[in-house]
Amino acid sequence: RPGYRRVDTSAIDWHWNGNGGMNEFDLASYFVTLSEQDRNDEIPDRFAGANYCVGPEAIIEIVPPEEMTYTAGANGITSFYSPAAKRLFGAKFTRYGTESKRHYDGAVRWLSPNYLTVSIELVHPDNTGQFMPETLNNAVALGAYLSQMYAVPHVQHFDITEKHCPRWWVDHPEDWKIFLNRIEAVSI
């Protein structure tokens, strides 16, 4: 958890955790353990997180929704921002490497769409990435709640960096549309 507040929100960003069979409690615990990394040891640090973890039993807030998390950045070498991300977030937040280092919120930071998104990780029972109905019900409830807080689009990680995430929705775009329609129906 970097502890940086977002000054704006441009999207609600959906992910799958990519580890079939992990539940939302274990995923939340994993993200908490990342804060225990020692930046001074020889083990490479991992920067990952989410505002929320959603599964069939619970919606867990890991990082308050007004704070940024490490979820959908790109480095310009092995991952890149999509044209859609560049339109949605603008040039300031879709640069790579040293170009992305900019003055923001009183300090010099490495800017990315992470500063403009609320991020949600969904758990799934297997590597197909298909979500359980109970997980989708919880995700719809959270999505509707966040839609009332932020009048912004819902996007997939794929829409930002073209990473195959969430796998099920990238492979089954009709299910993504159904999910968005369910959020909209609850939000009205």
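Leaving aside its neighbours within four places in sequence, which residues is Thr161 in contact with? In this predicted model, the residues in contact with Thr161 are Ala72, Gly73, Ala74, Phe80, Tyr81 and Ser82, once those sequence neighbours are set aside. The protein as a whole has 188 residues, with six helices and seven strands.

**Thr161**
- Thr161 lies in helix H4, which covers residues 157-161.
- The relative accessible area of Thr161 is 10%, and buried means under 20%, so Thr161 counts as buried.
- The contacts of Thr161 beyond its sequence neighbours include Ala72, Gly73 and Ala74, and also Phe80, Tyr81 and Ser82.

**Cysteines**
- Cys53 has a relative accessibility of 0%, so this residue is buried.
- Cys165 is also classed as buried, because its relative accessibility is 3%.
- A disulfide requires a pair of cysteine sulfur atoms within 2.5 Å, and by this rule the protein has zero disulfides.

**Overall fold**
- Among contacts with a separation of 6 or more, 69% join residues 24 or more positions apart.

**Burial and surface**
- Of the 188 residues, 44% count as buried; Thr161, Cys53 and Cys165 are among the buried residues.
- The protein exposes about 9700 Å².

Definitions and conventions
Residues are numbered from 1 along each chain as its sequence is written. This is a predicted model: local features need pLDDT of at least 70, side-chain atom pairs count only at pLDDT 80 or more; totals for chains, interfaces and linings use all residues. Side-chain values use heavy atoms; hydrogens and water are left out. Helices (H or I, at least four residues) and strands (E, at least two) are DSSP runs, numbered from the N terminus. Buried means under 20% relative accessible area, exposed over 50%, partly exposed in between (1.4 Å probe, protein chains only). Contact means heavy atoms within 4.5 Å. Accessible areas come from the Shrake-Rupley method with a 1.4 Å probe; for residues, only the protein chains shown count as cover.
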